[in-house]
Amino acid sequence: MKLELGKIEITDIQFSNESRIKGSTLYVNKKEIENLILEDEHIKEVKIDIAKPGESTRITPVKDVVEPRVKVSGDGGIFPGVISKDETVGTGRTHVLKGAAVVTTGKIVGFQEGIIDMSGSGAKYTPFSQTYNLVLSCDKADDIKAHTYERAVRMAGLKTATYLGELARNIEPENIETYETLPLMKSKEEFKGLPSVAYVQMLQSQGLLHDTYVYGVDAKQIIPTLIYPTEIMDGAIISGNCVSACDKNTTYHHQNNCVVHDLYKRHGKDINFIGVIITNENVYLADKERASNWTAKLADFLGVDGVVVSQEGFGNPDTDLIMNCKKIEEKGIDTVIITDEYAGRDGASQSLADADEKANAVITGGNANELITLPPMDKIIGHIDYVNKIAGGFEGNMTEDGSITVELQAIIGATNELGFNKLTAREY
Amino acid sequence: MKVKIITNNPLVYSLYSEDYDIDYQEISYEGILKKTRDYVHKGHELLTHPLSGSVKPNETPFKTLLISSKSKDLNLESLSIIENSIETAEKFLQRQKKYSDDIEKDFMEIDLSLIENVINKLL
Amino acid sequence: MSKYKIVHYINQFYAGIGGEDMANYEPEKREGFVGPGQAFQGNLKDEAEITATIICGDSYYNENMEEAKNKILSMVKEENPDLFIAGPAFNAGRYGMACGDIASSVEKELGIKSITGMYIENPGVDSYKKNIYIIETKNSAAGMRKAVKSMSKFGLKLLNNEEILSPSEEGYIKRGLRKNIFVEKRGSERAVDMLIKKLKKEEFTTEFPMPKFDRVPPSPAIKDMSKAKIAIVTSGGIVPINNPDHIEASSASKYGKYDISRFKDLTCEDHETAHGGYDPSYANEDADRVIPIDVLRDMEKSNRIGKLHNYFYTTTGNGTAVANAKAFAAEIAQELISDGVDAVILTST
């Protein structure tokens, strides 16, 4: 598959009478977005806001972040099986509004999660302090269940990102990058002298607020399988995962999967990046055994020399991670795994819920229990009193001046396990 | 396969007590883990991972686990998993948080959701 | 400009009071520097001075921890120093435990910055590294000059509130504390770099070393217990009455081998415990509670086991360096093998 990704730089976002892109400014007709979202009768009311980098603004509780994209050529459309029809994506050309993001918030369950601070000490821990954000705060219709509300908010974010992406259809991108993955045998022939590498992506798949969808299919229901890296760039994988803020992958993270990008950078030079194996993280232990057996089998079947494995979430996924690592290493394939840590506030506790000496090559996204004090922000989009209930916050953690002390795990994307950030942890 | 449900979640109890073998007790999260450990020592096999979900042990008071109904010889894998889980949970449990009734209901729902797709699979 | 005030803690040996025979020396405070304090003073001359030195015997500290700690804490409080230095203890186990304990307590209870210095295998390291900075030293006083230099340098950094860098840069032993830090490359790029190195069989450094599991594969099971020769080995510190070989109460530097061929049942008249890490009363009353000679004799009689070996081996487990424990075990194992022992019952507390 070959995909051209055309970037249209966005350096400002403003409300206007007409939704369009002029220069590098994204103009948004608020009313149209409202109407679009309120098509779903499960949403009673939506407030739409803008948050820009450097502003004294806090967004919370964040559900998902989505990047506006549009397929201008090639089969299918963005978010296949969910927004667009169920066609195979990943080829042709896709435009990206680089620098823009749609952020959804909503009180799906009371203890909601996730802070994005657009400035101050917390800003450097989230990538979304650098993006021009259109924030949707969705209130649910009365008497609907949590599942229904979650789905409604999820769709609202995807629909809005699709709407905005559409504005870029006929704009000529400033730069176009091409990504190509050949079918397996051709790839091995073409890059004969290079070690072949696959990416094993573990997807969160446990239940309400803990789900991921592949072409709209609930990842709890899949068995490990293959996918082209470029399909992921077209939104084939989307997030229904809201917990925990620091180590869940937002849809934006999926669309911009950094492991995919960094493997492509070395493709054809040091390695032959042959493709992606996706697997899940089910609660049922027998599923974990089956999935890891299958993942190792696929890696072996593909004849790869090495894999990068990324995970998602806290606790039991550490078991899947170690199972995958062990079983793949036992096939004689080199692994590098990416995780984050819960080493306690002092950093003295055991970081992972599972371990094995075969996992000798580990990348960490940092200790999620580390404390951080966030200064008060002038503007809050969302619901601030939920901060106490946010993961990592604690009773009385907000001082009179409005600054709050929370664990890093409260910040969206802070310890992301795709390796999205430059944060790491070292032993002192 | 016959399963036994161990839970402190009234919502899980109300939905499954009629059709399933269920050990329901209004004890703490930690209590559920330790009760499960006792069952493992008696030879029951752990069927679900105790650290289900990314909601932390000091946030949600609810935990539901599935074990085998029958007991056989001690399953070392099960023992290792439950012990590691207790160790991981203990890191958080020193800083237990308290929540309102509304929010407790939400935690019950999440805990239910994490287990119901497994129970449905085993029907 | 006034100098920083330092209080220095040393043991009876470095104070020139005596060796093992004076290890029960009770805490004493003296003005100025004593022993190695002079070397510290030399290194710190312009910026700090040792206003007092506290001396305490290693046995006294380890066997009377609460009292010793309280006495010493009040002495330190009187002096009100800016920095507290303990040791360096090199590889002396009980000295290391005392240094680690008193330095952590001074910092925790009095809020005074503290440091100490030890050799990496000193049991004080594992016990206290999370609580206090321990500068790495050689394994004997031959490394005194270098240790004093590193400790002085580090102490000054603490006093001047300078940023403390990584263990390798500053010379302190890794504390096992994970701290976040931003680096140049994002995680996925670091992952790909690491994989390429691993594939090329080049050296790489993992960002998270997995915890070490010291796994020992078990020997095959005994087929016929009624023919087996069983021996007892313990780290519970059981010794003949009056501890004739002076096995230490903690950080044992030796093990004992004792004849039990004439004993059917141990009593308070013939055996006791040397172990300082648990309440000794029940073990002193009846050492069978730690090494079940009485039950094993019964089993011998009923032919449940073949024979109880004539000797048992003993040491104290608390604060004993892993390296020492391994060395003892290797020697003991050799003897057991030559004596035709089939299986060992290991007891601890």
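## Basis of the model

This is a predicted model, in which local features need pLDDT of at least 70 and side-chain atom pairs count only at pLDDT 80 or more, while totals for chains, interfaces and linings use all residues. Residues are numbered from 1 along each chain as its sequence is written, chains are lettered from A and ligands numbered from 1 in the order in which they are written, and side-chain values use heavy atoms, with hydrogens and water left out.

## Strand 14 of chain A

Strand 14 of chain A spans residues 196–204, and nine of its nine residues are buried, where buried means under 20% relative accessible area with a 1.4 Å probe and protein chains only. Strands here are DSSP runs of E with at least two residues, and helices are runs of H or I with at least four residues, numbered from the N terminus. Both faces of strand 14 of chain A are covered, with S196(A), A198(A), V200(A), M202(A) and Q204(A) buried on one side and V197(A), Y199(A), Q201(A) and L203(A) buried on the other.

Pairing requires that DSSP find at least two bridges between two strands. Strand 14 of chain A pairs in the parallel sense with strand 19 of chain A (residues 272–281) over nine bridges, and within this pairing S196(A) stands opposite N272(A). Strand 14 of chain A also runs parallel to strand 20 of chain A (residues 306–310), to which five bridges join it, and there G306(A) is the bridge partner of V197(A).

## The interface of chains A and B

The contact, defined by heavy atoms within 4.5 Å, takes 43 residues from chain A and 35 residues from chain B. The area buried between the two chains, meaning the accessible area (1.4 Å probe) lost on being put together and summed over both, is about 3200 Å², and carbon and sulfur atoms give 60% of this. In chain B, H49(B), S54(B) and K91(B) lose the most area to chain A, together 18% of what that side buries.

One salt bridge is found across this interface, the criterion being a side-chain nitrogen of Lys or Arg within 4 Å of a carboxyl oxygen of Asp or Glu. The side chains of D287(A) and K121(B) meet in a salt bridge at 2.5 Å, N to O.

## Pairs of chains

Of the two pairs of chains that touch, chains A and C have the most contacts. No contact joins chain B and chain C, and their closest C-alpha atoms lie 13 Å apart.

Methods
Buried < 20%, exposed > 50% of the residue type's maximum accessible area, 1.4 Å probe, protein only.
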